Amino acid sequence: MTKTFYKLMLINSADLIIPRDTCQRNLKIGRAKRIALEFNEYIANEPKVSCRGGKYYVFDGQHTIMGRILCNGGKDLPILCKVYFGLSEQEEAYLFAMQHGISAPVSTGYRVRSLAFSGQPEAVAFKNATEELGIALDYDHEKGAMRIGCIKAALKAYQSIGKELYQEALKILVDAWGDDPDALRRENVVAMTRFVDLYRKDYNRHRLIAKLRSIDPLTIRREGERSGTDFAGDKKYLYQVFRLYNGNGDDLKLKF
């Protein structure tokens, strides 16, 4: 990171820019209202701002800013900010991703987006591996075709089994269920990444896809939840794929 310094400055809220397309989350007005109701000047954190090109970009504290505005009757006002100088846009994103403290924790999705924008190699590789398949990382959980919202689970799988198997698992889900919004839900991603890792060259891809097409994308979740305590954690979802694949009356069965 380049050499930088900061100082406390009063900046009018109208002059604060919130770059939601690179690091900041979407504003949650409910959270801002709660901040306004409980606002206490003695314990409030100063928003973190980067002065770049003569403009002020907020990389932490947008809800605090809105809370202050709400306390002021919805009108802009001067706000004491911690202003950094010498940061690049990528460094702002990195600092947002790595922030800790009493502010709301950064979700895995937003952390990945910020780290990828800042050029962090693993985040870039994970993002690219997903998007190469035509699948978008769904940071805001909008849910839709070819969007993956379970970014924490997907990243964990990518780190565990590597790019090749990670992509194969996602391709199987897409080949089976197309652009169904539920195809890439968390239970399916967890089950399929574990399945391809566990059985690798032992399963028949065409058979697996055909079996998946015989059910709807919510079946793995429903049947997994019905299994109760038979399997620990996410293993109950893996078992549903195993059971579906094995079926009856042939010699292509796998062992669980």
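**Notes on a predicted model**

1. Asp-216 is partly exposed, because its relative accessible area is 32%. The scale used throughout is this: buried means under 20% relative accessible area, exposed means over 50%, and partly exposed lies in between (1.4 Å probe, protein chains only). Arg-222 also counts as partly exposed, at 33% relative accessibility. The side chains of Asp-216 and Arg-222 meet in a salt bridge, with N to O at 2.7 Å. A salt bridge here is a side-chain nitrogen of Lys or Arg within 4 Å of a carboxyl oxygen of Asp or Glu.

2. Some ground rules come next. This is a predicted model, with residues numbered from 1 along each chain as its sequence is written. Local features need pLDDT of at least 70, side-chain atom pairs count only at pLDDT 80 or more, totals for chains, interfaces and linings use all residues, and side-chain values use heavy atoms, with hydrogens and water left out.

3. How many salt bridges does the structure hold? There are 16. Some of them share partners: Lys-143, Asp-182, Arg-185, Glu-187 and Arg-221 are joined this way into one network.

4. Arg-205 deserves a careful look. Arg-205 forms a salt bridge with Glu-168, and the closest N and O atoms are 2.6 Å apart. This pair links distant parts of the chain: Glu-168 sits in helix α6 (residues 151-177), Arg-205 in helix α8 (residues 205-213), and 37 residues separate them. Helices (H or I, at least four residues) and strands (E, at least two) are DSSP runs, numbered from the N terminus. Is Glu-168 buried or exposed? Glu-168 is buried, because its relative accessible area is 16%. Arg-205 is partly exposed, at 25%.

5. Arg-205 has another partner, Asp-175. Their side chains meet in a salt bridge at 2.8 Å, N to O. Arg-205 lies in helix α8 and Asp-175 in helix α6, so this pair ties together parts that are 30 residues apart in sequence. Asp-175 is partly exposed, with a relative accessible area of 33%.

6. A pocket, on a 1 Å grid over the protein atoms alone, is an open set of points where a 1.4 Å probe fits, with protein on both sides within 12 Å along at least five of seven lines; lining residues have an atom within 4 Å of a point. Among the lining residues are Lys-152, Ser-160, Arg-186, Val-190 and Asp-234. Two elements give two or more residues to the lining: α6 and α7 (186-199).

7. What about disulfides? A search of the whole structure finds zero; the test is a pair of cysteine sulfur atoms within 2.5 Å. Cys-51 counts as buried, because its relative accessibility is 17%. Cys-71 counts as partly exposed, at 43%.

8. Leu-37 is found in helix α1 (residues 29-37). Leu-37 is exposed, because its relative accessible area is 75%.

9. Next, the strands. Phe-85 is found in strand β5 (residues 78-85) and counts as buried, at 18% relative accessibility. Leu-8 has its place in strand β1 (residues 5-12).

10. Which residues make the nonpolar surface patch of about 290 Å²? They are Leu-8, Leu-10 and Leu-80.

11. Check two backbone angles. Met-146 has a positive phi of about 55° although it is not a glycine. Met-146 lies in the loop between β6 (136-137) and β7 (147-148), and counts as partly exposed, at 22% relative accessibility. Arg-200 is not a glycine either, yet has a positive phi of about 40°. Arg-200 is found in the loop between α7 and α8, and is partly exposed, with a relative accessible area of 45%.

How values were computed:
Patches are made of residues with over 30% relative accessible area and no salt bridge: like charges are joined within 9 Å, nonpolar side chains (Val, Leu, Ile, Met, Phe, Trp, Tyr) within 5 Å. Accessible areas come from the Shrake-Rupley method with a 1.4 Å probe; for residues, only the protein chains shown count as cover.
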